[in-house]
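Subject: Structure handover

Hi,

Here is the structure I promised to pass on.

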Amino acid sequence: MFQNTTTPHQPLPSLTGGVGGGSAAGAAIVILNWNGSAMLRRFLPSVQANMLRERTRLIVADNGSTDDSLAVLAAEFPNVDVIRLDSNYGFAEGYNQALRRVGEECEYYLLLNSDIETPEGWLRPMLNYMDAHPDVAACQPKLRAEHSRNHFEYAGAAGGYLDSLGYPYCRGRIFDTVEEDCGQYDAVADVFWATGAALMIRAKVYWEVGGLDARFFAHQEEIDLCWRLRARGYRIVCVPQSVVYHVGGGTLPKENPRKTFLNFRNNLLLLYKNLPERRLRRVLFIRFWLDALASLVFLVKGESRSFLAVWKGRHAFHQMKKDFVEDRNNNLAATVLDPIPEQRPVSLLTAYYLIGRKTYNRLYC
């Protein structure tokens, strides 16, 4: 493994080799870092120690950090490859820029957040499952919370789904209800979306469907990517035999108005870009009133900046919508699976708030 001198336009050397000297192509574990030197010091050692060196390369892509991240990597992690990006491109385009440098000579990319602890044995179950199931385009491990290690973690839990109105949820997490992991979701399961916090995806398929959409900048871009994959007939799974521990909210805390803005704007872009025509108008009409209700809840709670963020998000969606017309047409033309089984015909709001079904296993009782 060479020292970290990669320029923004220089590809990394090829990655080959297999388990036990075989010919299976490898996986590139790519961590996107932005001003996260403390996270790198805390979590990168576990990734290094448990990365299956015979099949994987570890790369940190620095997204224009202004802290001491690059100095920390050079001094404390000299054997980790580093891609230096010239500015903060956000999560989506930051990964696109980095993965272009990595290239397609590895079979899999593994997008890994910088605030994830990876225990011994975490990687092999995902690699083995992907090797054995060529119809699976992407997978994720089971995510537990780093601060409460017996509970699922909000960002991905045991695999993601979408309700009839476009609200995302997970096995193990619905809205703010996060379950304790008692083994109830230990079966491999097909999901609608796999979390971007720890996403393994076939390199060729990543580029085949266009990669992450840079216009999302951050939040729900992995759901958009997975929607494109599922609509084209690829499977996405959670492999819970693989477990990682995630801090979560490392860049923007949950209450941050910027995060509220991105989530409301991007969820509408997600729907417009991918939802078939016969359902789109009805869903967007209902979502207007539900977003209005959500903004009033923020206002009643005294969160005036989040109240404004909802409406700024909706305004930004309408301004950006025209830029997604071609993408929408292309996605619908490429669709071979409609409806997608993992977009369940249930209203999450009704089940959660009116009926009181707070966990995944109770949603369909």
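Predicted model: local features only at pLDDT ≥ 70, side-chain atom pairs only at ≥ 80, totals over all residues.

Below is what I found, from the whole chain down to a couple of residues.

Residues are numbered from 1 along each chain as its sequence is written, and side-chain values use heavy atoms, with hydrogens and water left out.

The protein chain has 11 helices and 13 strands (DSSP runs numbered from the N terminus: H or I of at least four residues for helices, E of at least two for strands). Its C-alpha atoms fill a box of roughly 55 × 45 × 40 Å along the principal axes.

Of the 365 residues, 55% count as buried (under 20% relative accessible area; exposed is over 50% and partly exposed in between, with a 1.4 Å probe and protein chains only). Taking contacts between residues at least 6 apart in sequence, 77% join residues at least 24 apart (contact means heavy atoms within 4.5 Å).

Now the inside. The largest nonpolar core has 75 residues (a core is a set of buried Ala, Val, Leu, Ile, Met, Phe, Trp, Tyr and Cys residues joined through side-chain atoms within 4.5 Å). Val30, Val102, Tyr109, Trp227 and Leu229 have the most contacts inside it. Helix α7 (residues 257–274) gives the most to this core, with 7 residues. There is also a second, separate core of 34 residues, with Ile31, Met51, Leu73 and Leu127 among them.

Arg144 sits in strand β6 (residues 136–145) and counts as buried because its relative accessibility is 18%. Beyond its neighbours within four places in sequence, Arg144 is in contact with several residues, including Glu153, Asp181, Tyr245 and His246.

Leu299 belongs to helix α8 (residues 277–300) and is partly exposed, at 41% relative accessible area. The C-alpha atoms of Leu299 and Asn128 are separated by 49 Å, and the two residues are 171 apart along the chain.

Cheers
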